[in-house]
Amino acid sequence: MTRSVPTLVFRISLGVLMAVLVGALFRLQVVKGSYYKNVAESNFVRIRRIVATRGEIYDCKYRPIVTNVPSHNLYLTSGKIADTGKLAEFLAANFGIKPEDLRKEVFQQRFKTYEEILLADNIPYETVLALSERLNEFPELSFRTGTTRSYAYPNHFTGYVGRIDEKEYQQFAAEDYSLNAYIGKTGLERYYEVLLRGRDGKEFIQVDAQGKSLELFKDNISVAPLNGLSLVLSIDNDLQSYANEVFPAGRKGCVIVTDIQTGGILAYLSKPDYDPNVFMQKISPETWEALNSKEKPLLDRIIHATYPPGSVFKPIIGSKGLETGVIDRNTRLSPCVGGLRIGNRFFRCWSHIGHGSLSIVDAHRFSCDVFFYDLINRMNLDAVFQHVKACGLVDRTGIDLPNERDGFFPDTAYYRNVRHIKSALNGYKANLGIGQGEVLCTPLQINTFYAAVARDGLWIEPHLLVSTMGRSRISRDEVQPLQKHRLPWSKNTMQVIHDAIWAVTNAPGGTARAINVPGTTTFGKTGSAENYMGKMTHAWFTGYIVTDKPEIVVTVFMENAGGGGGVCAPVANKIFNYYMGNIERIKAPATIPPQLRTPGEAATPTETPPPETNQATPAPETPTQDPPQ
Amino acid sequence: MINRKKFDFALAAYLIILIVMGCVAIYSATTTTIGDYIHTENNWWKQIIFAAVSLGCAFLLLRLPMPIFELIVLPAFVLNLLLLIAVLFTPAVNGSHRWFSLGGLNYQPSESAKILTILMVARVISKQHLTEVRQIFYGLGITLVPILLILIEPDFGTTLVFFFSLLAMLVAAEVPLVYILLLISPVISIVSSLWWVAIVVWILLLLFLLLRAKLSWIAVSITGAINVFLALIMPVFWNGLKNYQQDRVLSFIDPMRDPLGAGYQIIQSKIAVGSGAIIGKGWLQGTQKNMNFLPEHHTDFIFSVIGEEFGFLGSLLLLFVFILFFQRLATAVGELKIKERKIAAAGILAYLMFQTFINVGMNIGLVPATGIPLPFISYGGSNLLINTLAVGVVLKYLNERGFMI
């Protein structure tokens with residue numbers, strides 16, 4: 001062996017470093033070994049998540065729509081399982097959890113065996129009492145209180161929450177969801193998940209089996225949770241429930257009431273509906289069957305379905321005629337003799353007797369089909385397509401709800417490339433002129449269009465959210481700017497269309513004379529659209545009322561219910577009259593309840609929220625879960 | 001070209017024993033027992049495949065003719081530097097750009113940079129007729145390039161390894177120890193600035209040692225001034241930091257300040273190792289391991305599993321094998337007569353020894369958590385390959401002994 005300075009230095013360094021390690025190991029394992037053995041046996045030294053309270057949802061008067069209610073939950077710590085067979089038996093007998101499901105849950109969380117798995121939620125209190133005693137045999141199980149969601153009434157806009165699934169967990173890996181987390185699955189719960197959720201806190205747990213602090217760290221440092229923001233909607237619970245009341249029982253369809261001034265939706269009713277609360281528990285097979293019946297109660301008919309609009313579409317074609325100069329206010333087109341011959345086909349008007357030769361206003365009043373058969377055939381289809389698109393009837397409206405559908409209006413390319421039609425398009429165009437054929441709209445698109453007409457042509461994105469509440473107040477415009485644009489109309493066109501839809505509800509022979517709202521000027525249009533779903537036509541009515549300024553626009557739609565003037569207009573009339581009868585109450589500003597006030601905010605009722613001053617300092621919040629027992 | 005008489009079987013044997021111990025520990029670390037349900041991830045046989053590949057590569061390295069080996073060091077080093085630049089443009093994983101991912105295999109260019117930098121530095125500072133000062137500056141210059149690139153990633157822990165190997169190589173190059181003292185004196189000045197008494201004692205001691213070594217007055221006064229300045233400026237600099245920046249530095253030095261972050265891992269590791277006590281809980285029986293309090297404990301925290309399951313005796317056994325292994329390497333440094341190879345072997349010894357110390361120290365709460373794996377034991381293919389090749393280089397040098405002298 002060679003002796004040299006370098007080797008000596010290395011040997012000494014090696015000796016010193018290893019001596020340090022051996023010494024430290026001796027201290028840790030031999031001297032303090034039994035202490036750490038105790039700590040290890042307590043199994044409680046870990047980081048615990050403090051779940052943030054999810055934001056609630058309120059109507060425009062701060063009345064609850066979605067609230068948090070306490071619930072009893074059962075948790076499993078898989079790392080403490082002693083006897084899988086016995087546990088599986090116990091869970092199957094008392095909670096109906098199948099052994100294979102248990103195995104799956106445990107396998108999924110095999111890298112986090114110390115973290116609790118939420119096995120069952122919303123357990124009845126009696127069950128908790130009855131089983132508490134038996135839980136002593138299973139140290140891996142524990143009951144704790146958490147929260148669950150309560151939905152005030154059946155509806156299609158709140159949506160509901162559910163346990164995060166594996167796909168969502170992967171997708172939002174960066175967002176720090178726990179495997180036990182609830183996440184918005186549909187509706188507003190999903191659309192505003194980011195606002196509602198908040199951020200979980202965490203704390204370091206250092207207690208032994210007796211609950212005494214182990215004092216591994218000097219301080220009990222924790223990160224407080226940031227609770228979710230509550231949402232205030234434009235929905236008015238009174239109006240919503242009144243709409244629900246007057247909607248004919250057993251019919252399928254929807255009602256949309258929109259505040260013309262703001263574009264906020266006051267009532268959002270799709271029938272048949274379902275109770276989101278059923279998703280908060282294990283769904284029984286009967287409930288599941290009912291939810292998936294052919295009535296489709298889960299379907300939101302306002303934005304998730306498209307229908308032929310029928311005659312409510314006529315003002316769009318009419319306005320294009322006026323804009324291109326094909327017609328003016330007094331132009332009379334081909335006379336209606338109960339129909340119109342186009343090529344070798346006879347296109348019927350709904351009236352067998354015929355309306356004679358009409359101007360645009362009267363064509364709307366009587367809803368004459370022939371006028372529009374003739375009008376659209378005097379125009380270029382692609383120009384009409386552009387016009388329909390600019391009126392907001394092709395693209396989805398952008399309402400703050402997920403999975404909204406687009407409408408559809410064909411252009412020449414569609415007929416040539418998709419349908420492979422070589423012949424003239426006159427017949428197809430005729431049908432489009434009366435809102436039939438390939439054209440499809442969601443009821444919300446129709447409602448939004450008529451609101452724009454009421455605003456003298458200003459189109460505003462429909463929306464439900466007004467502002468957030470609680471930790472900080474953010475208005476809808478700050479969350480996501482509202483889209484606005486003007487309809488491509490001149491003042492003159494606007495005036496003619498106003499006159500036309502005024503005639504529908506007011507002039508003798510108008511199709512919607514059922515509308516009678518004292519103290520207001522009424523406007524509207526009926527529709528009865530033929531469809532492949534059944535023999536009866538789809539019934540439409542959409543219209544609005546104006547006092548000293550435009551108030552609300554109401555759209556009523558019923559699947560296969562017959563004529564719009566007969567079945568839909570009366571429902572709309574009741575809603576208009578209810579609104580006018582309660583207008584002071586509906587418009588009165590509400591006092592913000594204390595629990596929704598932003599820190600430092602006065603209790604005075606305010607219509608427009610004061611500017612936010614202390615967003616940066618969230619209120620101190622208390623943990624929402626009890627520590628493990 | 002493997003000379004049986006000269007081949008160092010002992011060193012190779014220690015290497016294989018360490019790898020086998022690693023596989024045993026990895027098998028246990030990736031096994032989860034829940035009731036009667038036992039699940040083992042497939043990492044352990046992956047590691048066996050990695051080991052076979054690594055040993056195969058080391059074997060090929062031994063067969064490689066020496067001239068070719070010497071020829072490829074420079075191009076490989078340059079290529080590695082380019083890779084260190086390229087890796088900065090990869091998407092960040094946990095906030096840092098360290099890995100290339102190629103079909104499930106991850107490669108860290110900073111791993112191969114360790115061994116290539118050592119070979120490069122050894123080549124340059126072993127040149128004839130270099131003054132000590134030049135040796136130091138050339139060594140520093142070559143080492144700083146990869147260090148700066150790795151700091152950008154950022155990966156602070158890895159850069160420390162480079163410094164320690166550089167020091168060891170300068171020692172092996174027989175640069176007088178007083179120069180090495182000069183080199184590390186700023187670090188000591190910064191540390192001693194925590195307490196004014198320490199500053200005074202340290203500066204006096206430094207001046208005394210420098211004068212004893214008969215350095216010129218100018219050199220001594222410059223060094224003294226720089227160190228005094230550093231010691232005095234540190235508190236000013238420290239107070240200039242924002243609160244959260246101070247917190248970050250303090251938490252790095254003392255992880256126990258941060259129970260929800262680094263401190264959590266250290267305390268869980270300490271509980272695991274401590275609860276192993278003298279004889280341990282037995283293979284596959286670790287309760288702390290089984291609760292998975294530490295994520296990914298088959299990599300950086302593998303020692304916590306060994307400590308828990310095999311206790312003080314098992315830990316000692318592992319450290320004993322490491323000591324034999326490093327002793328053998330230290331002997332090799334003495335036995336190698338060609339200066340370049342001697343210096344390279346010293347660098348390799350220091351780099352493996354430093355990593356072992358830091359990793360075990362981290363597992364028992366002695367040093368900050370830096371993300372340095374335990375050589376030959378921690379799970380990970382590229383790490384095992386580079387470490388094995390490093391030993392392969394020493395084996396190759398030993399095997400070539402006596403050809404030139």
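How many salt bridges does the rule find across the interface of chain A and chain B? It finds zero, where a salt bridge is a side-chain nitrogen of Lys or Arg within 4 Å of a carboxyl oxygen of Asp or Glu. This is a predicted model, in which local features need pLDDT of at least 70 and side-chain atom pairs count only at pLDDT 80 or more, while totals for chains, interfaces and linings use all residues. Residues are numbered from 1 along each chain as its sequence is written, chains are lettered from A and ligands numbered from 1 in the order in which they are written, and side-chain values use heavy atoms, with hydrogens and water left out.

**View 1. Here is where chain A meets chain B.**
The contact (heavy atoms within 4.5 Å) takes 52 residues from chain A and 57 residues from chain B. Between them the two chains bury about 5,000 Å², with 76% of it on carbon and sulfur atoms; buried area is the accessible area (1.4 Å probe) that two parts lose on being put together, summed over both. Look for F10(A), Q29(A) and F217(A): they supply 14% of the area that chain A buries against chain B, more than any other three residues.

**View 2. Now for polar contacts and the chain A side.**
Seven residue pairs, both at pLDDT 80 or more, are in polar contact between chain A and chain B. That term means a pair of N or O atoms within 3.5 Å; within protein, one must be able to donate a hydrogen and the other to accept it, and residues adjacent in sequence count only if both atoms are side-chain atoms. Among the elements giving two or more residues to this side of chain A are α1 (5-31) and α2 (33-42). Helices (H or I, at least four residues) and strands (E, at least two) are DSSP runs, numbered from the N terminus. The largest share, 18 residues, comes from α1(A).

**View 3. A sheet in chain A.**
Strands β1, β8 and β9 of chain A form an open, antiparallel sheet in the order β1-β8-β9; strands pair if DSSP finds at least two bridges between them. The edge strands are β1 and β9 of chain A, each pairing on one side only. Five bridges join β1(A) and β8(A), and R49(A) has K202(A) as its bridge partner.

**View 4. A hairpin in chain B.**
β1(B) and β2(B) form a hairpin with two residues between them, and G35(B) in the turn has a positive phi of about 60°. The strands pair in the antiparallel sense over four bridges, with T33(B) opposite I38(B).
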